[in-house]
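Here is a short briefing for a reader new to this structure. Have a look at the chain below, then read on.

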Amino acid sequence: MSTPRNALGRGIGALIPTARPSPRAEVAAVAPATPHSGELPIASIDPNPDQPRRVFSEAELESLAGSIRIHGVLQPVVVRRAGERYELIVGERRWRAAQRAGLDAIPAVVAEVDADDRLEVALVENVQRSDLNPVELAIAFRALADTGATQEEIGRRVGLDRSSIANHLRLLDLSKEIQGDLEEGRLSMGHAKALLQVTSPERRRLLRERILKDALSVRAAEQLAAPHERSEAATRRPRVTQAPELQQLADSMRRRFQTRVRIAGGAERGRFEIEYFGAEDLERISGLLLGDA
């Protein structure tokens, strides 16, 4: 990738300067630093291989296609030359919808953008329009990080703080199933942060199912996630107030049942507390207790 430019954080216009179009001539917007603007055959344009956006709503595309049939494409796409063809940099949704609308050509600005810069340009444009879901952002940030960019540099380029970049990158530690929930909007970024608090993959899966089944709020998910982390930390700390033999028994039961186990009381009298998480977890633990598994 070329030398980082702080201009990216100020907006896509700082990277691809474009003259403000007149009310009637948005389709003829001209980029002073580019050699061409006008219409291009849709068939001559290929999608951006570095397009950070992976999910395109069918309903949104159909709605946009309907608008294009009536009003045309009011804002040109941005492309770069790729041999004898063109490659999309900005505007893939418009390009897809124009195809659906049956257009043969589309207003386009041909910009001089290096292949190494096309991810940054597309990413900035999508970030500014809030068009990317959290996983798409995470994948794009990872691609930039793979070029050697630090989290602070990535944040400067896209206009976000470093902690936001770090939080998004952590999403890639989640299972593909949970990432799919984020992409489809079934889980929010807050839910994902709560799930990341749970280190056990099995318990994380169960919490995810509980969130979806009961439509839990982020706060409720955080409350359910936090005790597990405290209990896991507790298993690594010796208990000074409990008899060693009872502590050993509780530790053995935790390993056996793979859940939080607490023994309250002493050797003469007390009680066991075995935590379960969801109907499947209860069935699993009861099977172990009753000798069915």
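How many helices and strands are there in the protein chain? The chain has 13 helices and seven strands. The model is a predicted one.

**Chain overview**
- The protein chain has 293 residues, and 44% of them count as buried.
- Its accessible surface comes to about 16,000 Å². Carbon and sulfur atoms account for 49% of that surface.
- Take the contacts between residues at least 6 apart in sequence: 65% of these join residues at least 24 apart.

**Nonpolar cores**
- The largest nonpolar core has 19 residues. Leu40, Ile45, Val79 and Ile106 have the most contacts inside it.
- Two or more residues of this core come from each of helix 2 (58-71), strand 3 (77-82), strand 4 (85-90), helix 3 (92-100) and strand 5 (105-110).
- A second, separate core has 18 residues, including Val135, Leu182, Met189 and Leu196.
- Neighbours within four places in sequence aside, Val79 is in contact with Leu40, Ile45, Tyr86, Glu87, Leu88, Ile89, Val109, Val110 and Ala111.

**A helix pair**
- Helix 6 (residues 151-158) packs against helix 7 (residues 162-170) at an angle of about 110°. Their axes are 8 Å apart.
- Because angles of 65 to 115 degrees count as roughly perpendicular, helix 6 is roughly perpendicular to helix 7.
- Helix 6 makes the contact through Gln151, Glu152, Ile154, Gly155 and Val158. Helix 7 contributes Arg162, Ile165, Ala166 and Leu169.
- Among the residues of this contact, five are nonpolar, two polar and two charged.

Terms used: Residues numbered from 1 in each chain as written. Predicted model: local features only at pLDDT ≥ 70, side-chain atom pairs only at ≥ 80, totals over all residues. Heavy atoms only, no water. Core = buried A, V, L, I, M, F, W, Y, C linked by side-chain atoms within 4.5 Å. Buried < 20%, exposed > 50% of the residue type's maximum accessible area, 1.4 Å probe, protein only. Helix = DSSP H or I, 4+ residues; strand = E, 2+ residues; numbered from the N terminus. Contact = heavy atoms within 4.5 Å. Areas by Shrake-Rupley, 256 points an atom, 1.4 Å probe, with all protein chains shown as cover. Axes fitted to C-alpha atoms, helices over the stretch in contact; angles between N-to-C directions. Parallel < 35°, antiparallel > 145°, perpendicular 65-115°, else oblique. Nonpolar A, V, L, I, M, F, W, Y, C, P; charged D, E, K, R; others polar.
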